[in-house]
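Trainee: I have a new structure to read. Where should I begin, and how do I read its features one by one?

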Amino acid sequence: MSYLRCELNLIYLCLLDVFPLLLMVASNSEVFDVVRCFEERVFDVLVEDLNNRVSKRGEAVLVINMNVKDNHEEAAVGADDALHLCEMLQSVDDWEDYVEQELENFEKLSHRKPLYTICFY
């Protein structure tokens, strides 16, 4: 498992096994604004888990997926795109108000359409 945190309390996740991801999110006392996945299967399981659990905090979390093939070339491009998207989201005062606009801008610049949803936990 690897993750990177930035000013937005963003967590990047790219896991082969999604069970550790669910345990980490469930047991972590930190509040995350954004969870970033790189595989749609991980995104689906995480969103389902967040939607099925009782919200303890009522905090909004933006869950974003951008599929990245598991090879060096795609990983390098995906990493640059992920960093660029993180910078775009950090550049706005309140991500909840500008998420759709920033994701549309990201899609135009990168030619990637991230899958996203907002969950509460």
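This is a predicted model: local features need pLDDT of at least 70, side-chain atom pairs count only at pLDDT 80 or more; totals for chains, interfaces and linings use all residues.

Trainee: Where does Arg112 lie?

Mentor: Arg112 sits in the loop between α4 (95-110) and β4.

Trainee: Is Arg112 buried or exposed?

Mentor: The cut-off for buried is under 20% relative accessible area. Arg112 has 14% relative accessibility, so Arg112 counts as buried.

Trainee: Which residues is Arg112 in contact with, leaving aside its neighbours within four places in sequence?

Mentor: Among them are Met66, Val68, Glu74, Val77, Gly78, Phe106 and Glu107. Asn67 is also in contact with Arg112, and the backbone oxygen of Asn67 lies 3.2 Å from a polar atom of the Arg112 side chain.

Trainee: What does the side chain of Ser110 reach?

Mentor: The side chain of Ser110 reaches the backbone nitrogen of Arg112 at 3.2 Å. Ser110 belongs to helix α4 and is buried, with a relative accessible area of 18%.

Trainee: How far apart are the end C-alpha atoms of α4?

Mentor: They are only 19 Å apart, for a helix of 16 residues. A straight helix would reach 22 Å at 1.5 Å a residue. There is also a kink of about 30° in α4, centred on Gln101.

Trainee: Which residue follows α4?

Mentor: His111 follows α4, and its phi is positive, near 60°.

Trainee: How do I read a strand?

Mentor: Again, the general idea comes before the case. In a regular strand the side chains alternate between the two faces of the sheet. In β3, Ala60, Leu62 and Ile64 point one way, while Val61, Val63 and Asn65 point the other way.

Trainee: Why is β3 described as largely enclosed by the rest of the structure?

Mentor: Strand β3 covers residues 60-65, and six of the six are buried, so β3 is largely enclosed by the rest of the structure.

Trainee: Which strands pair with β3?

Mentor: Strand β2 (residues 34-37) runs parallel to β3 and is joined to it by four bridges. Val35 has Val63 as its bridge partner in β3. Strand β4 (residues 115-120) pairs with β3 in the antiparallel sense, over six bridges. Here the partner of Ala60 is Phe120, in β4.

Trainee: What unit do β2, helix α2 and β3 make?

Mentor: Together, β2, α2 (residues 40-52) and β3 form a right-handed β-α-β unit.

Trainee: How do I set these parts in the whole protein?

Mentor: Count the elements, then read their order. The protein has four helices and four strands, and from the N terminus the order is β-α-β-α-β-α-α-β. It has 121 residues, of which 40% count as buried. Among contacts with a separation of 6 or more, 69% come from residues 24 or more positions apart.

How values were computed: Residues are numbered from 1 along each chain as its sequence is written. Side-chain values use heavy atoms; hydrogens and water are left out. Buried means under 20% relative accessible area, exposed over 50%, partly exposed in between (1.4 Å probe, protein chains only). Helices (H or I, at least four residues) and strands (E, at least two) are DSSP runs, numbered from the N terminus. Two strands pair if DSSP finds at least two bridges between them. A crossover is right-handed if, with the strands pointing away from the viewer, the path from the first strand over the helix to the second runs clockwise. A polar contact is a pair of N or O atoms within 3.5 Å; within protein, one must be able to donate a hydrogen and the other to accept it, and residues adjacent in sequence count only if both atoms are side-chain atoms. Contact means heavy atoms within 4.5 Å. The expected span of a helix is 1.5 Å times one less than its number of residues. The bend at a residue is the angle between axes fitted to the seven residues ending there and the seven starting there.
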